[in-house]
Amino acid sequence: MAVRIKRVAVLGAGVMGSAIAAHLANAGIPSFLLDIVPLELSEEDRRKGLTRESPSFRNRLAARGLETALKASPPGFFSPKEASLITIGNIEDHLGWLAQADWIVEAVAERPEIKQALFAKVEVNRKPGSFVSSNTSGIPILALAEGRSQEFRQHFLGTHFFNPPRYMKLLELIPGPETLPEVMQAMAEFGERALGKGIVFAKDTPNFIANRIGTFGLFTVMRIMIEGDYSVEEVDRLTGPAIGRPKTATLRTADLVGLDTVAHIASNIAQGLSDDAERSAYAVPPFLQELVKRGWLGEKAGQGFYKRVKGSEGSEILALDYKAMEYRPQRKVSIPSLDATQGIEDAAERLRALAYADDRAGRFVWHALRDTLLYAAHRVPEIADDIVSVDRAMKWGFGWELGPFEIWDALGVERTSKRMEQEGKTLPPLVTKLLGSGDASFYREEAGRLYSFDLATSKKVEIQERPEIILLPALHERERVVARNAGASLVDLGDGVACLEFHSKSNAIGPDIVQMTRTSLELCAERFDALVIGNQGKHFCVGANLMALLFEAQDENWDEIDLMVRAFQHASMGIKLFEKPVVAAPFAMTLGGGCEVCLHTAKIRAAAETYIGLPEVGVGLIPAGGGCKEMLLRSMEGIPAEVEVDLLPFFRHAFETIAFGKVSTSAKDAQRLGYLRPTDRFVMNQDRLLYEAKQTALAMVADGYAAARPKDDITVLGERAIAAVETQLYNMKSGGYISDHDELIARKLASILAGGRVTPGTMVTEQYLLDLEREAFLSLCGERKSQERMQHMLATGKPLRN
């Protein structure tokens with residue numbers, strides 16, 4: 001089906017509707033955002049002289065929804081400017097606009113009769129062939145399309161976004177019985193490529209996949225909490241990162257969702273189930289009913305399982321004693337097996353350690369996992385035809401590191417099954433078929449290819465690879481690694497392109513990565529046409545190895561630090577001046593040295609969610625891998641060679657960006673800050689990032705790439721710029737806004753960007769600026785206050801202001 005979605009209509013401007021419109025705008029797709037006309041004029045409307053016919057009155061709810069999206073935290077828009085792509089209106093006056101929309105998505109109240117009445121109006125106004133969907137979280141798709149024409153039903157489906165749509169990867173697509181396969185495929189391609197979503201096809205069953213299993217898991221945890229007399233704090237310690245779940249764990253997540261919403265979802269699931277035993281698992285416990293009755297609904301009410309209170313020494317978060325229905329100070333949770341997992345990085349290993357521990361933590365984790373794993377296995381093929389969809393739904397929708405069937409494998413299917421049977425549990429047909437086939441795991445990896453167990457055939461089937469998704473671990477398995485050390489590898493991506501992959505802890509830059517960078521350039525010069533710098537860790541790079549630097553500074557090994565900085569600068573310039581194109585593929589946190597690596601590449605192809613910046617000032621230092629130099633050069637790039645302009649504003653932009661440690665909130669924002677050029681592009685779906693970076697590199701080769709030359713004609717402002725900064729620093733220090741140490745760092749940064757105390761208009765080289773960076777960096781490493789900032793960052797993960 002040759003369908004291109006150029007414009008969307010979003011019906012319902014509540015939290016989800018406005019957030020969906022915002023994310024469409026992030027993707028560059030204009031939309032109409034419509035809501036109902038308010039019932040009556042407010043006092044404010046009357047003061048403004050509005051009438052019931054005034055557009056400001058009639059569009060008030062849509063306008064309020066757009067305003068909510070603009071004020072959302074975390075931000076729903078990449079940039080506030082994207083809001084201009086949204087046109088607000090109302091359902092009474094502007095349904096005619098639907099004829100312009102290629103996709104109409106409904107996000108009104110979760111009441112079937114309201115949705116059905118709206119779809120009757122949509123059918124009259126839509127153009128034939130346009131897609132229509134509901135963002136319902138659980139109402140049957142079949143029921144919502146009742147009374148509509150066959151053509152409507154053929155183009156109708158469920159599109160269940162998870163909140164907030166910008167950040168949550170999962171998009172469940174649910175077909176109706178008559179939905180055309182090509183409609184499902186077209187929506188999947190659009191959702192994946194344009195919106196950056198992970199697509200899972202769900203069946204039209206109560207609350208689909210993720211909410212069905214996630215809600216069961218939540219209510220299972222609450223039941224075990226009550227039966228085992230566990231505290232709120234214990235539950236969240238035991239169901240958070242320790243078992244591969246988000247930091248918000250279980251009860252904090254429930255607070256964020258809203259306890260009334262949690263209860264409503266559970267009731268909705270229960271109503272749609274025919275099995276009494278399963279329905280009882282979703283019974284809302286009395287204490288949760290009481291919380292809802294009291295209005296203690298979680299974050300939106302200021303209290304739920306937790307309550308934030310203000311005291312004389314700042315705010316404090318109290319925990320709920322659900323037996324007494326009172327709040328009390330949080331208690332530290334310390335259980336031997338739980339404490340022992342803190343040093344274990346691998347999620348599967350942590351799970352095994354906890355689930356099989358014979359103590360209070362082990363019993364809780366085992367029972368919570370046991371019941372959830374059994375439930376998930378019983379739901380295949382009811383909610384999805386394959387285990388991969390279930391695992392992806394839980395990872396993408398609920399932030400689990402491992403999906404249910406990956407957890408089965410991590411714990412050992414045979415071992416867990418035997419224990420479950422000993423405890424009187426009935427194994428699901430899926431598990432008995434797996435074990436009966438002589439297999440002992442749901443997944444198997446062979447030669448870089450992944451296989452999953454298929455219930456229908458009782459065999460392993462290959463999970464089909466897609467050329468636009470490059471998986472580096474698979475290339476490692478296929479012996480495509482050209483060179484490797486402890487911190488980085490050079491991997492052959494095929495078609496003459498290699499990838500420099502960081503894989504140190506947190507991808508922090510140390511000697512291994514610097515050495516592999518030099519090795520990669522040498523090998524690429526001989527054997528490849530282009531180089532991509534990218535990886536598939538949690539973050540692209542969190543910066544330099546701060547721990548190693550602090551140790552050297554404390555031991556006063558100044559010559560060693562000097563060599564480290566020189567080596568990094570040499571590697572950065574090697575990237576910049578390389579004879580063949582080098583493309584960076586940053587994503588997530590790309591800080592400090594990671595940012596400097598990107599700044600020296602010929603082009604950047606970033607993930608949309610890239611948080612890039614130079615925050616070294618926060619640890620008492622300045623960028624020394626060429627970051628200062630590159631930001632100065634980028635600030636002046638757009639100035640025509642023959643045009644005389646005042647360079648001070650350009651100097652200020654570079655200075656303030658670095659001095660304030662500005663980090664982008666998206667790749668779009670990175671273009672505003674200057675970390676990305678206007679010609680650098682970003683990709684909405686991070687899974688496609690390496691492929692797109694590779695294609696960018698190949699295009700540069702085809703265009704006849706010309707290597708950059710070292711600059712020897714950089715105009716600096718010298719004494720003039722330094723004087724301007726010194727005046728600003730004097731005012732800030734006099735006002736108590738900065739400390740002596742802040743002033744020292746700022747002076748050194750200004751001196752670098754100004755080219756030192758030289759005559760304004762002096763021409764300098766790149767190497768000259770690099771030398772200034774290195775000298776300033778070394779001097780700051782010797783400052784006690786800088787070392788204190790480094791120690792504080794390592795201990796807390798947060799910058800310290802002196």
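**View 1. A nonpolar surface patch made by Met 547, Phe 551 and Leu 794.** Patch members have over 30% relative accessible area and no salt bridge, and nonpolar side chains are joined within 5 Å; a salt bridge is a side-chain nitrogen of Lys or Arg within 4 Å of a carboxyl oxygen of Asp or Glu. Leu 794 sits in helix H34 (residues 784-796) (helices are DSSP runs of H or I, at least four residues, and strands are E runs of at least two, numbered from the N terminus). The model is predicted, so local features need pLDDT of at least 70 and side-chain atom pairs 80 or more, while totals for chains, interfaces and linings use all residues. Residues are numbered from 1 along each chain as its sequence is written, and side-chain values use heavy atoms, without hydrogens and water.

**View 2. Helix H9 (residues 210-228).** Of its 19 residues, 15 are buried (under 20% relative accessible area, 1.4 Å probe, protein chains only). Asp 229 follows H9, with a positive phi near 55 degrees.

**View 3. Helix H23 (residues 511-527) and its cover.** Buried residues here include Ile 513, Met 516 and Leu 523. Among the elements covering the buried residues of H23 are strand S16 (488-494) and helix H25 (558-576).

**View 4. Ser 417 in helix H20 (residues 413-422).** Ser 417 counts as buried because its relative accessibility is 2%. Beyond neighbours within four places in sequence, Ser 417 contacts Trp 408, Leu 427, Val 431 and Leu 435 (heavy atoms within 4.5 Å).

Terms used: Patch = residues over 30% accessible without salt bridge, like charges linked within 9 Å, V, L, I, M, F, W, Y side chains within 5 Å. Areas by Shrake-Rupley, 256 points an atom, 1.4 Å probe, with all protein chains shown as cover. Expected span 1.5 Å × (residues − 1). Buried < 20%, exposed > 50% of the residue type's maximum accessible area, 1.4 Å probe, protein only.
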